[in-house]
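The sequence and structure come first, and the notes follow by topic.

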Amino acid sequence: MFAIACHDGKILCVDGTSVIRKPISDISTIEELVVAVQAHGHWVLQDQYENTLDLESMSFTRAVITDSLIVDRHHNGGIVTIRRDDRYLRANNNDQIDMLAVTHGLWETFRFFEVDLVRDVMQLMRNQWVRKSTGKIADIDFSGFENEFLMVDGCRVDIHENFPFINYEKDLLKEKGSAPNSIIMHLDEWKPEEFLLYNPVVMYAFFGKGMISDQFRVSVESLFEIGKFQGTVLIVTNNSEEYVYGIINKKYRKDIKIFYMNAIDQQDYVDCRISIFNKKFIYEYQPFLYIDLDVVIDLPIKNFLTKLVISDKCSAQVEEERWVTQTPSCGATLYADDSFPIEDDAGFNGGVIGIPSFQKFGRYLRAADVMMRKYMHIHGRKSIPYDDQSILNFIFRKFDIFSGDLITPRTSVPAAEKIDFSKNDALGFAHFWPCIYREDRSLRMKNYLSILRDDDKPDVLI
């Protein structure tokens, strides 16, 4: 079963019962494709419902095949012509097709591509990819598609040698048509390079109303305005969509995804960030960044996110004089019941947490969710001090999947008594948790964002 590309790279697609030509970038799903199918030695063109193209009306109205096509393969680069007797299939410049040509030229030539290959190229086009060896977003040029190659960072990539994705295991994501979390392409014909999907998501846990809503508004605005974030913002909340959208500036709403969760007590409010790790939809994104509501983003974060996606460890801000083996807020209660050899037991704050990939680290995060539920069932709902932060400290250290190197130097913690802030304070993330009272915390966050908005400092990548 093959998709059909015209000489200019446009693909034959179904439009109602007719055939039109569309650029691959305009195709929403592979179900739109017209496919060439060989049956009993003959070729037919079909739609997704296996209706066959009637060669007189050029519409998909035949359930029973009574006519067939001949595909002639030519020796110049995989080009084919498609005919019935002495009439050739022709692509017209109005993006229609007919079967009226009595000889073949440029407009009567086509290429066959496996449907899976076209699907994967579509996924490549719709997403951004970070080249692991450079940590930079790859520049991918699709203009050579009709000639069976792409240009990646200025290097030629042969389509048939690299697609369908040879390193793409058949898992739940492939079945649902999502992009893989990484691919390997061979540049300049033979040089293997790994490219990681860049589809970032930032998550907030937003429960309740009042002063907490002010913090939420400031943090989200700083994420988009100062952080210049481009991606999805996932808001886990027990508030209505109307209430949430009423807080967020209209121009950012298209990037917001709301996930509703019921919440009654403190365990609901904070442990939701553990239970969200068991939701399948979260695996579509990478990297993943969790941010507390009392965090102001004070520098552009794209460079940080590309570093996160190629990282081999999850990250958070290491706290001085707090240890997994001794400090309750960093997992000491759990460690006491299940100790293990540990070289570096420095604890971290859960206010900013970076996860490179759920495909890579998802099993550990799912283990955190299962452990949390089972431990609370045995010891009581309030048995884990500091809840999610303790759980993640314990899990990250037990499975050796943590490093503070990315987030620690990029996080500042403005002291509660500090009144004046300066543009020189910006590291990337300003976590205002030392402010005891929410009113004071909200006010300090607002003041800092006002300073950042008036800042004439050039953009600094973190």
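D214 and R217 both lie in helix 4 (residues 211-225), three residues apart, which is about one turn of the helix. Helices (H or I, at least four residues) and strands (E, at least two) are DSSP runs, numbered from the N terminus. The side chains of D214 and R217 meet in a salt bridge, at 3.2 Å from N to O. A salt bridge here is a side-chain nitrogen of Lys or Arg within 4 Å of a carboxyl oxygen of Asp or Glu.

This is a predicted model, in which local features need pLDDT of at least 70 and side-chain atom pairs count only at pLDDT 80 or more, while totals for chains, interfaces and linings use all residues. Residues are numbered from 1 along each chain as its sequence is written, and side-chain values use heavy atoms, with hydrogens and water left out.

**Overall make-up**

- The protein chain has 11 helices and 28 strands.
- Of its 462 residues, 55% count as buried; buried means under 20% relative accessible area, exposed over 50%, and partly exposed in between (1.4 Å probe, protein chains only).
- The accessible surface of the protein chain is about 21,500 Å², and 48% of that belongs to carbon and sulfur atoms. Accessible areas come from the Shrake-Rupley method with a 1.4 Å probe, and for residues only the protein chains shown count as cover.
- Among contacts between residues at least 6 apart in sequence, 65% join residues at least 24 apart; contact means heavy atoms within 4.5 Å.

**Nonpolar cores**

- In soluble globular proteins, nonpolar side chains tend to be buried together.
- A nonpolar core is a set of buried Ala, Val, Leu, Ile, Met, Phe, Trp, Tyr and Cys residues joined through side-chain atoms within 4.5 Å.
- The largest nonpolar core has 42 residues, of which F277, F288, I355, I391, L392 and F396 touch the most other members.
- Elements giving two or more residues to this core include strand 20 (201-206), strand 26 (346-355), helix 9 (358-379) and helix 10 (387-398). Helix 9 gives the most to this core, with nine residues.
- Another core, of 34 residues, lies apart from the largest one, and L223, I258, V309 and V352 are among its members.

**Salt bridges**

- Side chains of opposite charge can pair when their charged atoms come close.
- The structure holds 29 salt bridges.
- In the helix 4 pair, D214 counts as buried at 17% relative accessibility, whereas R217 is partly exposed at 30%.
- R21 and D8 form a salt bridge through their side chains, with N and O 3.0 Å apart. The pair links distant parts of the chain, 13 residues apart, with R21 in strand 3 (residues 18-22) and D8 in the loop between strand 1 (2-6) and strand 2 (11-15).
- R21 is buried, with a relative accessible area of 4%, and D8 is partly exposed, with 30%.
- D8, K10, R21 and D95 are linked in a network of salt bridges.
- E193 and R131 form a salt bridge whose closest N and O atoms are 3.1 Å apart. This pair also joins distant parts of the chain, E193 in strand 19 (residues 191-198) and R131 in strand 13 (residues 128-131), 62 residues apart. Both E193 and R131 are buried.

- D345 is placed in the loop between helix 8 and strand 26.
- D345 is buried yet has no salt bridge, and the nearest side chain of opposite charge, R397, is 6.9 Å away. For charge, Lys and Arg count as positive and Asp and Glu as negative, and His and the chain ends are not counted.
- The side chain of D345 makes a polar contact of 2.5 Å with the side chain of T325. A polar contact is a pair of N or O atoms within 3.5 Å; within protein, one must be able to donate a hydrogen and the other to accept it, and residues adjacent in sequence count only if both atoms are side-chain atoms.
- Not counting residues up to four places away in sequence, D345 touches R322, W323, V324, T325 and R397.

**Backbone details**

- The peptide bond from Q286 to P287 is cis, with omega near -5°, and P287 is in the loop between helix 6 and strand 23.
- E50, a residue other than glycine, has a positive phi, near 65°. E50 is in the loop between strand 5 (42-46) and strand 6 (52-54) and counts as exposed at 57% relative accessibility.
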